[in-house]
Amino acid sequence: MITPEIKERLAKAIKGEKHISFLVGAGLSAESGIPTFRDKDGYWMPGSPNYTPQQMATWRMFCQQPLVIWNWYLNRFHICYQAKPNAGHFAIKDLQDLFPERFALITQNVDGLHFQTGMNSKQIYSIHGDLRFMRCAAACHKDLIPLPNQLKNRGLQEKLTKEEIMLLQCSDCSGFYRPHVLWFDEIYNEEYYKIHTVKYTAINTDLLFIIGTSGATNLPNQVFQLALRNNTTVIDINPNSSLFTAEILYSPNGYWIKEKSGEALPLIVEEMRKLKTEIV
Ligand SMILES: [Zn+2]
């Protein structure tokens, strides 16, 4: 758990001036009952009788069948709209409260659970988007529009109703809104997904926690590499091994805590709270 060596690293980071950052993936929200992307029972599965999720969650498919894709999203994600943050989410918020000037959270999760903890949202970078919002698919304007409550609370439905379809139409151009998520055939940008801000954060971090992420996607992997090469202490909290594990174990700056984040994180935050009192 928190070995003397890890404790020393935490103390060193507290004395630093750069960010104390988190890179978070689906494993964190799994403890809130949201299945992870790659689980065989994951909420992405099945895509549809004819298509895989990787084919469904694309700009191309949205252009062909916007209503089918919206209905698929609203059905797949209604579980997210009912979920509540867990002890891991709240421990991350506690760490933000401890280091309000230095904190940064890079999250792959689109479920919005971080925001339910009352965190300062300016320090949260949702690099794969946020299901609580939609935006004009034609980009007639760039605003993020909150998803109407009727659509969050509808439960599983075979088809969209006329009233629901009207809610999904842009009030300015009458075209469709799209879910505010990064699709498989799209690339990261700064405007919606903060690619540059996130990379800059990664190289300006004293301590990076990795929580519940497999390391299989591009930008999270870059964040990990940039941090590790800049002598950042990287602590991976994950009950399972991931694509990060080998490098973590090989690096003098890497540590793997093989536990659930909901159990390990609150203890780490408590330890950092104590250390901060001793140091300051
Ligand atoms: Zn529009």
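Leaving aside its neighbours within four places in sequence, which residues is R178 in contact with? The answer comes up in the R178 close-up below.

**A few notes before you look.** This is a predicted model, where local features need pLDDT of at least 70, side-chain atom pairs count only at pLDDT 80 or more, and totals for chains, interfaces and linings use all residues. Residues are numbered from 1 along each chain as its sequence is written, and side-chain values use heavy atoms, with hydrogens and water left out.

**View 1. The whole chain, to get your bearings.** The secondary structure comes to 14 helices and nine strands; helices (H or I, at least four residues) and strands (E, at least two) are DSSP runs, numbered from the N terminus. The chain has a radius of gyration of 20 Å, close to the 19 Å from the globule rule for 280 residues, so it is as compact as a globular protein of that length. That radius is taken over C-alpha atoms, and the globule rule is 2.2 Å times the number of residues to the power 0.38. Along its principal axes, the C-alpha trace spans about 60 × 35 × 30 Å. Of the 280 residues, 52% count as buried; buried means under 20% relative accessible area, exposed means over 50%, and partly exposed is in between (1.4 Å probe, protein chains only). Contact means heavy atoms within 4.5 Å. Among contacts between residues at least 6 apart in sequence, 68% join residues at least 24 apart.

**View 2. R178 and the residues around it.** R178 sits in strand β6 (residues 177–181). Is R178 buried or exposed? R178 is buried, with a relative accessible area of 3%. Now for the opening question: leaving aside neighbours within four places in sequence, R178 is in contact with W59, F62, W70, M134, R135, C136, A137, W183, E186 and Y193. With E186, R178 forms a salt bridge, the closest N and O atoms being 2.7 Å apart. A salt bridge here is a side-chain nitrogen of Lys or Arg within 4 Å of a carboxyl oxygen of Asp or Glu. E186 itself is partly exposed, at 22% relative accessible area. A polar atom of the R178 side chain also lies 2.7 Å from the backbone oxygen of V181.

**View 3. Helix α7 and what covers it.** In α7, the buried residues are G88, H89, A91, I92, K93, L95, Q96 and L98. What covers them includes β1 (19–24), α2 (26–30), β2 (103–107), β7 (205–211) and α14 (261–279). At the start of α7, look for a side-chain oxygen of N86, which reaches to within 2.7 Å of the backbone nitrogen of G88.

View 4. D97 forms a salt bridge with K93, and their closest N and O atoms are 2.8 Å apart. The two are four residues apart in helix α7, so about one helical turn separates D97 from K93. An α-helix has 3.6 residues a turn, so residues three or four places apart point the same way. K93 counts as buried at 17% relative accessibility, while D97 is partly exposed at 44%.

**View 5. A salt bridge between distant parts of the chain.** K142 pairs up with E191 in a salt bridge, the closest N and O atoms being 3.6 Å apart. The pair links distant parts of the chain: K142 is in the loop between β4 (129–136) and β5 (145–146), and E191 is in helix α10 (residues 190–193), 49 residues apart. K142 counts as partly exposed at 45% relative accessibility, and E191 is partly exposed too, at 44%. By the salt-bridge rule, the count comes to eight.

View 6. E164 is found in helix α9 (residues 162–167) and counts as buried, at 10% relative accessibility. Not counting residues up to four places away in sequence, E164 touches L151, R154 and K159. Q222 belongs to helix α12 (residues 218–229) and is partly exposed, with a relative accessible area of 27%. The C-alpha atoms of Q222 and P85 are separated by 27 Å, and the two residues are 137 residues apart along the chain.

Conventions
A polar contact is a pair of N or O atoms within 3.5 Å; within protein, one must be able to donate a hydrogen and the other to accept it, and residues adjacent in sequence count only if both atoms are side-chain atoms.
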